[in-house]
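Q: Please show me how to read this model, one feature at a time.

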Amino acid sequence: MASLLDRVGTGLQALAHGLRLTFATLVGPKNTVMYPIKKVDVSPRWHGLLGLPIDPQTGNDLCIICFQCERVCPSRCIHIEAKGKGKDRLLTRFDIEMDKCQYCGLCVEVCPTEAIVFVPHYEASTYNRANLLYDLEDLHRSAPKEPIARGVIK
Amino acid sequence: MALRTEELILNMGPQHPSTHGVLRLVVTLEGENVVDVAPDIGYLHSSVEKMMEYRTYIQSISLADRGMDYLAALANEMALLRAVETLGKIETPQRAQWLRTLFLELQRIASHLVWLGTWCIDIGATTVFLWCFREREKIIELMEKSTGGRLHYVYFRPGGVYEDVPEGWTDGVLAFCDDFAQRIVEYEGLLTANPIFEVRTKGIGILPRATAINLGASGPVGRASGIDFDVRKAFPYEKYAEVEFDVPVRQEGDVFARYQVRLEEMRQSMRIIRQCVAKLPAGEIRAPKVPITLRLPKGEIYTRTESPRGDLGIYLVSEGGEHPYRVKIRAPAFSNLYALTEMMRGWKVADVIAILGSIDIVLSDVDR
């Protein structure tokens, strides 16, 4: 009998404790974010979409066409073409297949001129896979005014 | 007339929500008793080992992140880099070593939290799942602040780490530790003394010590069966030799013991993290003169690390080029899956879920 009373007592105690917690959580701060309406801020080092910033002084790409990012990419999703020689070398094609990209950041790491940077943006889903092929124009448009990811290791 | 009984073969998975991935269990039942269990794996095979042969060592890091155990990406990076650095005799700066130790332990807590949450949802405790993911989110945010990734970080490099942690990051880690110390007490309050939880876990799915050793069970599964072995203690890497921590060992070998071991491991990880933050020196984070296309000398090596799932080994053969000749991954979840049949034989069909969850399986790690 005593053990039964004990168990009832413990049960009631646990119930009271649980309900107290429930009501405390009801009015307490929320841990969730109403996603499409509110959005979570990402860190400045966020491995998000990629962008090609333009040099504000010359108006040209910062890219010096060294092909290092193309070579280091594990998914081989960067395609670069250029024309001209010496100082007149001009970027004619810089395609990134974002559907293949695995956001590892090796291209940002190896770039000697910080010509390819991460953009703090994470909503890239689309209904058509072809939209995920980002060409030079797309990458220029997505680039921030100032480089936000550090590409060069000191 | 006597009633005839016959064995029933039940297919569980590969789309079953409780198999934690694409695992198919062919369960032979006699009534409600499990006679035999045959795990059928290979649904998530991604040929990581073969793909590594065509990639340079730095490119393999991102592969180790994804292709192996995706819940503990940094532990995989560490395993690969330990082999690469040992074979290439690359010295890592002190600060990078301390940072790596810190990150590995954060990763261990995050991985165990996923395990605790999903396993508890399997055996019917939904609250723990939400609470665990609330705390895990804090770890992921810390990771994101420092590495830029939330699950796949590509943060360790041969000879160091990619970036130094941002200003004030270690304060965030300490704040998390202070908060998390209380949270573990909450989880224990929900589970340990809970009579339903005790009935579902205590004495269930016993793996004897000798069987565990024979089948190569490692990590928390082995330690719950009384094997006092932890690679961090036995073959210390990074800074594990210089930090104080205990290796929790239980003799029971049942599901409850595995739960206790993992919970205690989280506490020990916090202890290591606090020591790492206290001892974190200033200085370089990356060894100079480690080229992007790293060439290792000719030779072969086997190194092992302690991932959250157990003893994660890498056997690496180099022919002297920029690609490995062969990489063999000794996955802890694969070896622990071997022990599953022994654990499940003789128990009821309802225990199958509890036992399967308790070995903390990640199918990406099993199949590779």
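A: Let's start with a pair of helices: α4(B) passes α11(B) in a left-handed crossing. Left-handed means that the near helix is turned anticlockwise from the far one by less than a right angle, with clockwise being right-handed. Helices (DSSP H or I, at least four residues) and strands (E, at least two) are numbered from the N terminus. Residues are numbered from 1 along each chain as its sequence is written, while chains are lettered from A and ligands numbered from 1 in written order. The model is predicted, so local features need pLDDT of at least 70 and side-chain atom pairs pLDDT 80 or more, whereas totals for chains, interfaces and linings use all residues.

Q: At what angle do the axes of α4(B) and α11(B) cross?

A: Two packed helices are described by the angle between their axes and the distance between the axes. Here the axes cross at roughly 155 degrees and come within 9 Å; they are lines fitted to C-alpha atoms over the stretch in contact, with angles from 0 to 180 degrees between N-to-C directions. That makes α4(B) roughly antiparallel to α11(B), the term for angles over 145 degrees.

Q: Which residues make the contact?

A: Contact means C-beta atoms, placed from the backbone, within 7 Å. From α4(B) come, among them, B:Trp98, B:Leu102, B:Ile109 and B:Trp115, and from α11(B) residues including B:Met266, B:Ile273 and B:Val277. By class, this contact has 11 nonpolar, 3 polar and 5 charged residues. Nonpolar covers Ala, Val, Leu, Ile, Met, Phe, Trp, Tyr, Cys and Pro, charged covers Asp, Glu, Lys and Arg, and the others, Gly among them, are polar.

Q: How far apart are the axes of α6(B) and α11(B)?

A: The axes of helix α6 (residues 169-191) and helix α11 (residues 255-279) of chain B are 10 Å apart, at an angle of about 160 degrees. That makes α6(B) roughly antiparallel to α11(B), and the crossing is left-handed. Residues of α6(B) including B:Val173, B:Phe180 and B:Ile184 meet residues of α11(B) including B:Met266, B:Met270 and B:Ile273. The classes in this contact are 11 nonpolar, 1 polar and 3 charged residues.

Q: How many residues of α14(B) are buried?

A: Buried means 20 or more other C-beta atoms within 10 Å of a residue's own, 12 or fewer being exposed and the range between partly exposed. Helix α14 (residues 349-358) of chain B has 7 buried residues out of 10 and is mostly covered; B:Val352, B:Ile355 and B:Leu356 are among the buried ones. The cover includes β2 (24-30), β3 (33-40), α4 (94-122) and α11 of chain B. Just after the helix, B:Asp360 takes a positive phi of about 55 degrees. Across chain B, 50% of the 368 residues count as buried.

Q: Where is the place of A:His47?

A: A:His47 sits in the loop between α1 (2-27) and β1 (49-51) of chain A. This residue counts as buried because it has 25 C-beta neighbours inside 10 Å. Setting aside residues up to four places away in sequence, A:His47 touches A:Tyr103, A:Gly105 and A:Phe118, and also B:Gly148 and B:Gly149.

Q: How many residues does the contact take from chain A and chain B?

A: Each chain gives 17 residues to the contact. On the side of chain A, helix α3 (residues 106-110) supplies the largest share, 3 residues. That side of chain A divides into 10 nonpolar, 5 polar and 2 charged residues.

Definitions and conventions:
Contact = placed C-beta atoms within 7 Å. Parallel < 35°, antiparallel > 145°, perpendicular 65-115°, else oblique.
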